[in-house]
Amino acid sequence: MKKAKRVTVTFFSALLTLLTLTAALPPSFAVTQDEIDTLITQANGLQEERDALEQEIGTYSSNIAAALERKALLDAEISQIEADVSALETSITDYEQRIDVTEGELADAKAREAQQYDLFCQRVRAMEEQGRMNCWMILLRATSFVDFLTRLDFVSEIMESDRRVMNDLKALQEEISEKQAQLTDEKRELEAANQALLDKKTELDTQRTAANQLIIDLEASRTEAEASRDILTEEAEQIQGEIVRLSEELARQEEEARIRAEAEAVEAYRALRERMSAELDDFTVSEGLGGYIWPVNSRRITSTFGGRASPGGIGSTNHKGVDIGGVGYGTAVHAAKGGTVIISQYSSSYGNFVVVSHGSGNTTLYAHMSARLVEAGQVVSQGDILGLTGSTGHSTGPHLHFEITENGTRINPLIYLSGYSLS
Ligand SMILES: [Zn+2]
């Protein structure tokens, strides 16, 4: 149980490392945010275009309203003129009737004049038939100047009477003619006024036709702009739909990737844990002298403590520890003794290395590891995993470089570790 608990704590660090690594992997999605952003830009452009059209439509609408207003005014004006024309036409008809009446009167007067003249002639003829002389004969038959004057008076009387009647008739005719002329003049004036109104109406009709045409043209333009706007709206809606669809697809893919990464991390954690558990089970705590245990499963010493030839030309020539081989990459490195981690870092020579203090100037050092699984300040028990074997720093292959320092002096670890083999 104690062992299992330690393992759990240690593996949380491993899990964190793995999760960090997984998260850093570059994702490759079918849908990209760039693709969506491009569509959004496109949709915004369409929206601007649509706004411009909307403004154009508004202008058309107000122009149509103005034209309709103008047309309404023209309609009213034309209606007024039509009423005026109608009234004038009634007046003209009235005048025509009155002129007709005066024509009748005139004809009547002329008839009476003719009749009067006829009567006069009849009287003259009657006088002739009765053997009486005509006026001239009466005058020429005068026997004396006095007789002539008497006869003249008589003739004049007759003629005066006729002349008076004729003059009266003439005067009547003139009066009627004058009246008729006056009526005709007035009628002509009315006709002129009526013609002016009709001319005005023709002009207004032309203006009304133009206004109607303008309204038709404006409405056609507005309809066209509205159609364009509708097309843009539809296009923008389609793009909007595509944005939503792609965003959902992206979210779905991201969620899938996240779930996959999580599953992979959990799987990696489980594998690591299984491997470490197996190693821990195999790990036999054989406490040597000084209370140290072997830090790895292997007992194969590939380089001993003290002077030696530089391995591969890069290792230390005055070896201050032992190299334990046969560990490969990634096997567990255990604390040889319980204590406090005082160093956990990377150096160019030791690579990933950890130093654990056991008190009283006694420390152990573990170098060239592929991973460190503890941090400085962390308290560890004997057998706790500090890291994984590797070949970082000045190293020619996977091995653990192990040092023991007692009272500030590095000593040969093999003093305390038994059962090793040299190779
Ligand atoms: Zn070494």
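Strands, like helices, are DSSP runs numbered from the N terminus, with at least two residues (E) for a strand and at least four (H or I) for a helix. The structure is a predicted model, in which local features need pLDDT of at least 70 and side-chain atom pairs count only at pLDDT 80 or more, while totals for chains, interfaces and linings use all residues. Residues are numbered from 1 along each chain as its sequence is written.

By these rules, the chain contains four helices and 14 strands. A residue is called buried if 20 or more other C-beta atoms lie within 10 Å of its own, exposed if 12 or fewer do, and partly exposed in between, with C-beta atoms placed from the backbone. Of the 423 residues in the chain, 18% are buried. Two residues are in contact when their C-beta atoms, placed from the backbone, lie within 7 Å. Taking contacts between residues at least 6 apart in sequence, 74% link residues at least 24 apart.

H334 counts as buried because it has 25 C-beta neighbours inside 10 Å. Its C-alpha lies 4.3 Å from that of I385, although H334 and I385 are 51 residues apart in sequence. β5 also belongs to an open sheet of three strands, ordered β5-β11-β9 with antiparallel pairing; here, two strands pair if DSSP finds at least two bridges between them. β5 and β9 (371-372) are the edge strands, each pairing on one side only. Between β9 and β11 there are two bridges in the antiparallel sense, and R372 stands opposite G387 in β11.

Attention now turns to the nonpolar cores, sets of buried Ala, Val, Leu, Ile, Met, Phe, Trp, Tyr and Cys residues joined through C-beta atoms within 7 Å. The largest of them has 32 residues, and those with the most contacts inside it are I324, V333, F353, V354, Y366, L386 and L400. At least two residues of this core come from each of β4 (322-324), β5 (332-334), β7, β8, β11 (385-388) and β12 (400-406). Leaving aside residues up to four places away in sequence, F353 touches S347, L365, Y366, A367 and M369.

Most residues other than glycine have a negative phi. S360, not a glycine, has a positive phi of about 55 degrees, and H368, also not a glycine, has one of about 70 degrees. S360 sits in the loop between β7 (351-359) and β8 (362-369), and counts as exposed because it has 9 C-beta neighbours inside 10 Å. H368, in contrast, is found in strand β8 and counts as buried, with 27 such neighbours.
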